[in-house]
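Welcome, and thank you for opening the viewer. Let us walk through this structure together, one selection at a time.

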Amino acid sequence: MNSSTTFSLSPAFDELLKRAVDVENPQALARDIIRLSNFYIENPGAPTPWGQAFTASAYLAYFLPLNYVRLQGVLREVHRFLPEFSEVWDFGSGIGATQWALENDLLSPRPLMAVEHASEAVALHRHLISVSTTRWPVTFNSKTAPKPQALAIFSYAFLEMKPQWPALEPFDHVLIIEPSTRDCGRALMEWRARLIEQGYTPLAPCTHALDCPLLSHSHKDWCHNRIHFAGPEWWQALESYLPMHNRTLTYSYLLVSRTTKDEKWRGYARVIGDTLKEKGKTRQMICRGSEREFLSWLHKKGEPPAIPHGALLTGAEQAERHGGELRPSESLTWTT
């Protein structure tokens with residue numbers, strides 16, 4: 001059994017950020033971050049306002065690191081379920097969160113196409129590349145012509161592009177990461193059903209290709225993941241001036257493929273809920289098929305295990321069923 005993984009900034013990425021923005025002035029940075037955060041709250045789904053004077057510093061110091069860490073969590077799933085692909089197309093690439101996450105990843109470098117329409121973001125991304133040492137060869141491209149086995153990545157961009165999505169048909173693999181809000185999470189679950197109809201197989205977080213139980217049996221649930229984040233010292237100083245703190249990060253994501261069929265992890269259950277402490281018992285939502293299910297431990301039988309959000313587990317099939325709850329035996333095991 002593995003405990004929950006804690007993600008952090010790589011030393012190289014940390015140094016890049018400290019060269020690009022004045023982290024020694026956290027109070028001024030915090031003012032810019034709050035302004036950009038308010039813009040996102042007041043304009044849901046709107047593109048990042050790169051033309052505003054406060055945007056670059058706020059994004060570099062706060063939103064880019066958070067997106068980088070979320071991508072680190074998602075790329076771990078790409079390792080598990082999609083070991084082979086020819087190239088990456090990063091739609092809505094912004095200033096390169098996907099590239100910087102890939103730079104610190106174990107995946108071997110391959111062509112990376114950055115597709116971004118905001119000229120200010122492209123210029124800043126190019127500048128960051130020019131002052132850093134990179135492994136992944138980046139091409140700024142707007143004409144979609146992927147090779148076979150190409151992976152399309154939409155990091156906080158797919159739902160924003162409505163109704164002008166790029167054609168997905170040329171891509172054998174698609175990865176979508178979205179905010180962990182109810183609206184975005186449920187919209188992504190609906191897109192899962194559409195992509196299955198278009199010939200894609202869900203690889204992660206789903207361990208099955210059946211109907212999504214949260215759509216079928218609930219009007220309010222949504223699928224998302226939670227990971228732990230340990231920021232550097234300058235980040236902790238910055239947070240002291242911010243109303244929001246990030247010890248854990250959440251996101252919704254979906255990885256699908258036309259050509260890769262998941263065999264290794266079919267039959268596992270995915271933990272898709274936080275631990276719920278209730279009177280007399282502890283519950284945790286899991287997904288392994290079309291039914292909405294919870295693991296459940298009675299407190300009178302001892303301390304329940306601490307299973308991280310997003311873990312893949314076996315042994316649920318041996319649990320004793322009580323309605324929609326499963327009382328697992330000691331044979332329950334998991335991996336993060």
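Start with helix H1, residues 11-20. Its buried residues pack against helix H3 (55-81), helix H4 (97-103), helix H5 (119-130) and helix H8 (233-239); packing here rests on contact, meaning heavy atoms within 4.5 Å. Helices (H or I, at least four residues) and strands (E, at least two) are DSSP runs, numbered from the N terminus.

Before going further, a word on what you are looking at. This is a predicted model, in which local features need pLDDT of at least 70 and side-chain atom pairs count only at pLDDT 80 or more, while totals for chains, interfaces and linings use all residues. Residues are numbered from 1 along each chain as its sequence is written, and side-chain values use heavy atoms, with hydrogens and water left out.

**Stop 1**

Select Phe 13, Asp 14, Leu 16 and Leu 17, which are buried in H1. Looking down the axis of H1, you will find its buried residues within an arc of 160°, so they line one face of the helix. That arc is taken from the directions from the helix axis to the C-beta atoms. Buried means under 20% relative accessible area, exposed over 50%, and partly exposed in between (1.4 Å probe, protein chains only).

**Stop 2: the whole chain**

Zoom out. The protein chain has eight helices and 17 strands, and its C-alpha trace spans about 60 × 45 × 35 Å along the principal axes. For 336 residues, a compact globule would have a radius of gyration near 20 Å, and the protein chain agrees, with 20 Å. That radius is taken over C-alpha atoms, and the globule rule is 2.2 Å times the number of residues to the power 0.38. Buried residues make up 55% of the 336. Of the contacts between residues at least 6 apart in sequence, 72% join residues at least 24 apart.

**Stop 3: strand E13 and its partners**

Next, select strand E13, residues 293-298. Five of its six residues are buried, so the strand is largely enclosed by the rest of the structure. Which strands pair with E13? Strand E12 (residues 281-287) runs antiparallel to E13 and is joined to it by six bridges, while strand E16 (residues 325-327) pairs with E13 in the parallel sense over two bridges. Two strands pair if DSSP finds at least two bridges between them.

To see the pairings residue by residue, show Ile 286, which stands opposite Glu 293 in E13, and then Leu 295, which stands opposite Leu 326 in E16. Follow the chain from E12 to E13 as well: the two form a hairpin with five residues between them.

**Stop 4: aromatic rings**

Colour the Phe, Tyr and Trp residues. Their rings (for Trp, the six-membered ring) pair if their centres lie within 6.5 Å; planes under 30 degrees apart count as stacked, over 60 as edge-to-face and the rest as tilted. By this rule there are 18 aromatic pairs. One of them joins Trp 50 and Tyr 59, a tilted pair at 5.0 Å centre to centre with 55° between the planes. Trp 50 is buried at 13% relative accessibility, and Tyr 59 is buried at 12%.

Now move to Trp 265 and Tyr 268. Their ring centres are 4.8 Å apart and their planes stand at 65°, so the pair is edge-to-face. Trp 265 is buried, at 7% relative accessible area, whereas Tyr 268 is partly exposed at 23%.

What sits over the ring of Trp 265? The charged end of Arg 80 does, 5.4 Å from the ring centre. A charge sits over a ring if NZ of Lys or CZ of Arg is within 6 Å of the ring centre and within 35 degrees of the ring normal. Arg 110 likewise lies over the face of Phe 85, at 4.2 Å from the ring centre.

**Stop 5: backbone details in the loops**

Select Ala 204 and Pro 205, which are joined by a cis peptide bond with omega about 0°. Pro 205 is in the loop between strand E7 (201-204) and helix H7 (213-216).

Finish at Gln 149, in the loop between strand E4 (138-140) and strand E5 (151-155). Gln 149 has a positive phi of about 70° although it is not a glycine.
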